[in-house]
Each structure stands twice: as C-alpha cells, then as structure tokens.
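Keep the viewer open and follow along.

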Amino acid sequence: MVVLRNLLRSPAGALGLLMLALTAGATALTPLLSPYDPFALDFANAMQAPSAVHWFGTDNFGRDIFTRVMVGAVYDLRLALICVFGPMVIGVLIGLAAGYFGGRIDAALMRLTDVVWAFPFYVLVLAIVGVLGPSENNLYIAFFIVNWIGYARIVRGETLLIARLEFIEATRVLRYGRLQVMLRHILPNALTPALVYSMSDVVLTVQAVAAMSFFGLGVQPPAPEWGLLIVESIDFMREAPWMTIFPGLAIVWIGIAFSLLGEGLSTALKPKG
C-alpha cells in the first residue's frame with residue numbers, strides 16, 4: 001500500500017496507471033462498446049473509413065478495427081506480461097544464487113549467462129521460434145530461454161552489494177539459515193531495480209512480439225494481435241491508412257503507459273534518506 005501511495009503521488013506513475021486502467025476497462029467493456037464480432041467477415045462493409053458506426057473503420061474483410069484492436073490488447077498484454085515476468089522469476093533466482101554463494105556457483109551461472117548474452121536478442125528469438133515453428137506457445141518458450149539474462153545480471157550485482165552490508169553480517173552471527181537470509185533479507189532489497197527494469201522490458205517485448213509478426217513467426221491469423229494487424233494492412237496503406245494507424249497507435253499507447261509506470265516505480269521504490 002505504501003508503494004501504491006507513492007506511485008500515485010508521482011505524476012508519471014499516476015498517468016501510467018490511468019492509461020493502463022483505461023486500456024483494461026475498454027478491453028473488458030468491448031462487447032458493450034462494440035457489437036461486432038472481431039472474426040466475422042462482412043465484405044459488404046470492407047474498408048469503410050472511421051465513422052460513428054465503425055470508430056476505427058473496417059479492414060479489407062469488413063471486420064471492425066476498433067473491436068479487433070481492443071481484443072488484440074488481450075493477446076499483446078498476455079504475451080508481454082508472461083514473456084517478461086516468467087523469465088524475470090528465473091533471472092532473479094539465478095542472480096540471487098550467483099551473488100550470494102559466489103565461487104564456483106557464481107562462475108558457472110555467469111558463464112551460462114555470458115553464452116546466451118553473446119547472441120543478439122532478436123536473432124536468438126527468431127532462431128528458436130523458427131526451429132520450433134510459429135505459435136504463441138513457442139514465443140513463450142523462446143522468451144523464457146532468452147529474456148532472463150538482464151534480470152540475473154541486475155540481481156547478482158545488487159546481491160553482491162547487499163551481502164556486504166552490516167545487517168547481513170548480523171544474520172550470519174545470529175546463524176540464520178542461508179535460504180532465510182536470501183529470501184527474507186537480500187531478495188526484497190535486490191528486487192527493486194529488477195522491477196523498474198521490467199517495465200521497460202514490457203515495452204520492448206510488445207515491440208518484439210509485433211516485430212515477430214513481420215517474419216510470420218508471431219501469433220498466427222486470424223488472431224487480432226497488433227503486429228499482425230499492421231502486417232495484414234501494409235498492402236492497403238494508400239486506400240485505407242486507418243488499418244495501419246490504429247494498431248500502431250495502440251502499440252505506442254501501451255509503450256508510453258509502461259514507460260511512465262516504470263518512471264513512477266523508480267520514484268516510489270527509491271529509499272528515503
């Protein structure tokens with residue numbers, strides 16, 4: 001509750017939360033706001049410009065773009081959150097173990113990190129999904145394999161610093177168990193930078209998922225994922241630019257929301273001195 005209060009006191013954090021709340025609300029209320037089936041074809045109304053009937057216009061199959069963009073938010077946010085916070089858990093645990101135990105454990109875990117880090121992020125994700133085949137589940141697998149590295153490095157560095165502090169030395173004198181020291185005393189203090197980093201990582205992941213659609217390796221049709229909506233509209237940019245504009249604006253909107261939330265979190269979680 002203290003963190004939430006501090007977050008709401010931050011103009012950036014409050015605005016980011018408001019934007020995400022509006023997105024969640026519009027998505028949940030889509031059946032009430034729009035009577036159209038996001039998958040039903042209606043060739044008689046194909047490529048209609050934005051109007052009071054179709055707020056964002058229609059695509060080349062006559063599907064309502066507003067409805068598809070709102071439903072697409074479910075796909076993109078689900079992908080982004082799972083592809084960020086799943087690997088985050090893995091990376092935090094690896095970084096915590098490496099920083100606390102040190103020695104051979106640290107060396108082995110950091111060498112593993114260096115091996116994955118040596119490959120460009122997009123190249124490795126493309127390679128994994130290319131081998132496994134295009135699907136939403138394979139995107140999860142690819143991101144779980146690749147996306148934990150940043151969190152491991154951040155938490156390891158924080159753990160190395162915290163482990164030298166006096167209150168951690170006191171826990172050793174009091175003979176606290178290693179697991180108790182790691183999870184109750186070090187982890188809460190080492191987690192803050194990782195949480196702040198995760199907000200920018202969500203933005204990058206939304207963009208990465210959209211980019212995968214350009215290679216045919218992302219979410220497959222007819223799912224209204226935002227990147228896929230843009231790919232499907234490229235051939236109609238002159239005749240119906242709204243088909244590209246509104247999914248693109250949705251990606252920008254979510255990117256700004258999480259960026260503002262990350263800035264607010266960095267302020268809300270900053271130790272008061």
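Start at arginine 68, which makes a salt bridge with aspartate 59, with 3.9 Å between the closest N and O atoms. Keep in mind that this is a predicted model. With the cut-off for a salt bridge at 4 Å, the 3.9 Å contact of arginine 68 and aspartate 59 counts.

Rolling a probe the size of a water molecule over the atoms shows where empty space is left. How many cavities of 30 Å³ or more does the structure hold? There is 1, and the volume of this largest cavity is about 80 Å³. Which residues line the largest cavity? The lining consists of Asp59, Asn60, Arg63, Ile65, Arg68, Leu229, Glu232, Ser233 and Met243. The elements that contribute two or more residues to this lining are α4 (65-101) and α11 (226-233). Helix α11 gives the largest share, with 3 residues. Sorted by class, the lining has 4 charged, 3 nonpolar and 2 polar residues.

Arginine 111 pairs with aspartate 114, and their closest N and O atoms are 2.9 Å apart. Both residues sit in helix α5 (residues 103-117), with a spacing of 3 residues, about one turn of the helix.

Time to zoom out. The protein has 12 helices and 0 strands, and its pattern along the sequence reads α-α-α-α-α-α-α-α-α-α-α-α. Its C-alpha atoms fill a box of roughly 75 × 45 × 25 Å along the principal axes. Of the 273 residues in the protein, 47% are buried.

Helix α10 gives a couple of handy landmarks. Valine 202 lies in this helix and, at 0% relative accessibility, counts as buried. Valine 202 and valine 115 are 87 residues apart in sequence, and their C-alpha atoms are 23 Å apart in space. Leucine 191 is also placed in helix α10, which spans residues 178-214. Its relative accessible area is 25%, so leucine 191 is partly exposed. From leucine 191 to glycine 130 there are 61 residues along the chain, with 33 Å between the C-alpha atoms.

Out on the surface, look for a nonpolar patch. Leu15, Leu18, Leu22 and Trp253 form it, and together they have about 370 Å² of accessible area. Helix α2 (residues 11-28) supplies the largest share of the patch, 3 residues. Tryptophan 253 lies in helix α12 (residues 242-268) and counts as partly exposed, at 35% relative accessibility.

Finally, two spots in the backbone deserve a look. Which peptide bond is cis? It is the one from proline 221 to proline 222, with omega near 5°. Proline 222 is in the loop between α10 and α11. The other spot is methionine 47, where phi is near 55°, a positive value in a residue other than glycine. Methionine 47 sits in the loop between α3 (30-33) and α4, and at 27% relative accessibility it counts as partly exposed.

Notes. Residues are numbered from 1 along each chain as its sequence is written. This is a predicted model: local features need pLDDT of at least 70, side-chain atom pairs count only at pLDDT 80 or more; totals for chains, interfaces and linings use all residues. Side-chain values use heavy atoms; hydrogens and water are left out. On a 1 Å grid over the protein atoms alone, a cavity is a set of points where a 1.4 Å probe fits but cannot get out, and a pocket is an open set with protein on both sides within 12 Å along at least five of seven lines; lining residues have an atom within 4 Å of a point. Grid points are joined across faces, edges and corners, and a volume is the space filled by probe spheres set on the points. Helices (H or I, at least four residues) and strands (E, at least two) are DSSP runs, numbered from the N terminus. Ala, Val, Leu, Ile, Met, Phe, Trp, Tyr, Cys and Pro count as nonpolar, Asp, Glu, Lys and Arg as charged, and the others, Gly among them, as polar. Patches are made of residues with over 30% relative accessible area and no salt bridge: like charges are joined within 9 Å, nonpolar side chains (Val, Leu, Ile, Met, Phe, Trp, Tyr) within 5 Å. Accessible areas come from the Shrake-Rupley method with a 1.4 Å probe; for residues, only the protein chains shown count as cover. A salt bridge is a side-chain nitrogen of Lys or Arg within 4 Å of a carboxyl oxygen of Asp or Glu. Buried means under 20% relative accessible area, exposed over 50%, partly exposed in between (1.4 Å probe, protein chains only).
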